[in-house]
Amino acid sequence: MQIIVKNISKDFGKKRSAVHAIKDISLKVEHGEFLGIMGPSGAGKTTLLNMISTNERPDHGQIIVDGQDLTQLHDRDQTKYRRNKMGFIYQSFELLDSLNVKENVILPLALNRSNKKLIEERFDYMMNLLNIKKLSKRNIDELSLGQRQIVAAARALINSPGILFADEPTGSLDSKSATILLNYMQLVNQREKTTILMATHDAFTASYCSRVIFIKDGVVFSEVVNPGNRDKFFEQIINMQRTIGGGSYFNVSQDN
Amino acid sequence: MYRKIIKRSLYNMRDSYLIYILACAFAIGVFGILISLGDNPSVRVSLRSWNSFISDITIMMSGLFAFCAFIYMAYVGGFFIKQQRNEFRTFEKLGMQRWVIVAISFIQTAIVQAFAWIIGLSATLIFQKFMGMALFYLMRLRFNFIMHISWNDIFLLAKMFFFSTLVLSVINAIKTFLILRRKTVKREIKTRWWLRIPAGFFGLLLLFSAQICTVSLFYDMHTISYSSKPITEIFFVMIADIFGTYLVYFGFLPTILNTLQRIHSVSYSGINMFSFKYLKERLFQNISILWFVTELSALALMLLTFCYFGYQAVHRNYNSAYPFELAADKNTAGVIKQELKKSKAHIKGEYQTAVKINLVSYYKKDDQDYIRQPMTFMSYSDYMSLPKRMRKWNGKINSREFLKIDYNGSIFENRHFKEHDIRVKDSPVIATVKTGSSFPYGSSMHFGPMMVVPDKYYQKMPAEVEDVFYGWDFKKGDRLSTKQLEKLDNFRDAYYMKVNFKKTLNQSTIEVLKKAPNNGSSIYTQAGFLRQGSIKKNFAQGGGFYLFIVSLFSIALLIALGSVLTLRILLRDDYQSRQLRTLQKIGVEESEVKRIVRRENTLTFLIPLIFALAQSIVAIAMSNTGRHISKNIILIYAGYVVLYGLFGLVSFKVSWHGIKHKFSL
């Protein structure tokens, strides 16, 4: 799914104490692209992700997905759109403790009142794809953090969303679990052509993307495109992070 | 900083605190009103004869009320501390000293109590006049109620405020200390389906059998004077209801939710998958409270039922004892008429009916014995010409039927069964009679039962004694002075009947005597006159006071129980609130989240309501009002349903508002 963001902005708080979280951002995400959103804490990554995913409304601007302006939709229609076309992975997993793994994963399909056969088929497919079949009957509190995030990914992907939003998906994971998750995300992106938007502040995580945009103080500071070599891309991201942090790569070296 | 923490906690739980404060304020307000009523000068002046009684009762009732209110405040106040346990533990982890956290909870409770007392005492001041006027209205007193609170009451209320706030704050501080000592949070609830399923079905069986037994009690209650069956039934119903309800909450309802959750065609549809599990969790958490509320609600309804029927029975007994303000027989009627002329009483209605006294014999089923006695007879036409109120509580008869009016053993009883084979001296046997207990001209005007017979039977029947009864109704009383009453006292007994029972009824005779015989058995006295005098006033006043107290207590109890349920709904665990937020994040519509909240409210309010109503029917069966449920009792129950419905609605609105606000839905 193609996403076009046109001049969106968002303020939090009231007149005097207002914080400009996003200031007139525009960007375009192509169908099947794996876009990373990076920036320091408070830069506006999550706010941007929330607005594109219709979890928050922008104060100004448009968000056009496959030609449809989502900002013009009623709350109820936005929710339906979100449920049918979007999947979410959060740093805090956002799994429902009351439900077991299977119930958590199939919840989006159950919410859509899909038929039982389709639910079972999709569930088996996702379990095999993400290699977590053996977890299906477990309760959430019996899983490791890495397993929880994979389950959250399975839930996000079960209804074949056009767009997958991931907000710091590796934030709570150890490096091994993070790598497994990112490999799965890349796999889904390539195999299912799912457009992925991922907010992260971790360069290693971002190096799995096809393109990374950098946000600072609510505006797009710059962007880096994956040249096809992940190591090189990783280095570029690190450089850009240093630049955003207040100096260039060379400045840092000279200081040393 | 501590000030900020307290402020923040109070603000975060403002909806729940508001409900708690209002419930407490209501209790404090009622307590203040009850205390101040006892020594109100207008009560003292208007109720001279009741003064010490009213004062004693209000002191006793306010004491009882204060005790119940204190239990409520201590128990429900603990909810808030429990709700803050994670917060308190975090403070401790951040390095805050334990005593500071305990002090925070102490101050928080003290502030909430202070608010409740301020509002409650303001309510006392504002509503004292209104409540006093309501009391006077119910007691039918045309007197101005003066607002008054004595210094004694003010000091007492101030003392109560100080000590209750101190004790409740200490209780909550101790609870906080205990929470901080217990490090682990155990959220896991053991499902134990092997126990819940059989227990649930057994509970359901108990409830069903209790209902069947209640139906049977409607038919058996009248045998209570000679059979142990009704007592056994009542005992069984009580036990089965109490345990059955708990077992249904413990096992049956969770099993239903569990089964629904396992039926994939149901649970894999929409939000059901989550809501069944969520509701089950909430039910597990609240089983004891739901059961407690159900049983207390049932108790409140049963008390109301008994009070209503008790009041009705006393009222009916009074009316059957004094249908006329003044009644007399032919020997006294002349003197009474003279005195009434002197007193310039405004006569509203005057009635007279000729009666015959004859000897009868019959088998009395209740006493299981043959009875021989004189009986007063009245013709059907004369009976029907009397005001309707005389016949209201008797069985309906037509011109060919017989009606026997007798004293009623039980004040609750209102049966209209039939009796058979009553032999009357020198007259045909009466094969079947209907029964009643409301005597025309008042029960005290008769020495025994009375019979209404068809006109032809009456005319043909020879009389041992003939008399005429007179009855008067007045506008603003008979105005007879004390002197006149002293004079009339000489006419209390009109005549005496000495019955000489022989082998057969036809050989037996009645001898009329003007003076009371010194000895001898089978002597019956005919009253000369009957005056209700001040009894009516006292009756109205006593009844009004009784209604005032009962309704005040019932409303307070229902408010307390309703607020407990509301607070249980509002005070969700953090993780439960988080789950609703997660649902919204993954694309569940607002209306669906709202549906979960609505289902939770329905489960919490509707089920205790239904169970309490079902349980309280036994009280109607025990009051045995002729196997039918009166309109007024339906109104009382409807009032309870409306009150609970309102609580349910308010808690749903507040709960939904809280979630919407918290999650910015």
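Colleague: How many disulfides does a search of the whole structure find?

Modeller: Zero, over all chains of this predicted model.

Colleague: Why is B:C24 called buried?

Modeller: Buried means under 20% relative accessible area. B:C24 has 0% relative accessibility, so B:C24 counts as buried.

Colleague: And why is B:C213 called buried?

Modeller: The relative accessible area of B:C213 is 13%. The limit is under 20%, therefore B:C213 is buried as well.

Colleague: Turning to strands, what is the order of the open sheet of three strands in chain B?

Modeller: The order is 10-9-11, and the pairing is antiparallel.

Colleague: What makes strand 10 and strand 11 of chain B the edge strands?

Modeller: Strand 10 (509–513) and strand 11 (523–527) of chain B each pair on one side only. Neighbouring strands of this sheet are turned by 30° against each other on average, direction ignored.

Colleague: How do you know that strand 9 and strand 10 of chain B pair?

Modeller: Pairing takes at least two bridges. Five bridges join strand 9 (residues 493–500) to strand 10 of chain B, so the two strands count as paired. Within them, B:V499 stands opposite B:I510.

Colleague: Which residues of chain A does the UniProt annotation "domain: ABC transporter" cover?

Modeller: According to the unreviewed entry, residues 3–242. That span of chain A is 38% helix and 26% strand, with its end C-alpha atoms 29 Å apart.

Technical notes. Residues numbered from 1 in each chain as written. Chains lettered and ligands numbered in written order. Predicted model: local features only at pLDDT ≥ 70, side-chain atom pairs only at ≥ 80, totals over all residues. Heavy atoms only, no water. Disulfide = S-S within 2.5 Å. Buried < 20%, exposed > 50% of the residue type's maximum accessible area, 1.4 Å probe, protein only. UniProt positions renumbered as here; feature names shortened; annotations may be inferred. Helix = DSSP H or I, 4+ residues; strand = E, 2+ residues; numbered from the N terminus. Axes fitted to C-alpha atoms, helices over the stretch in contact; angles between N-to-C directions.
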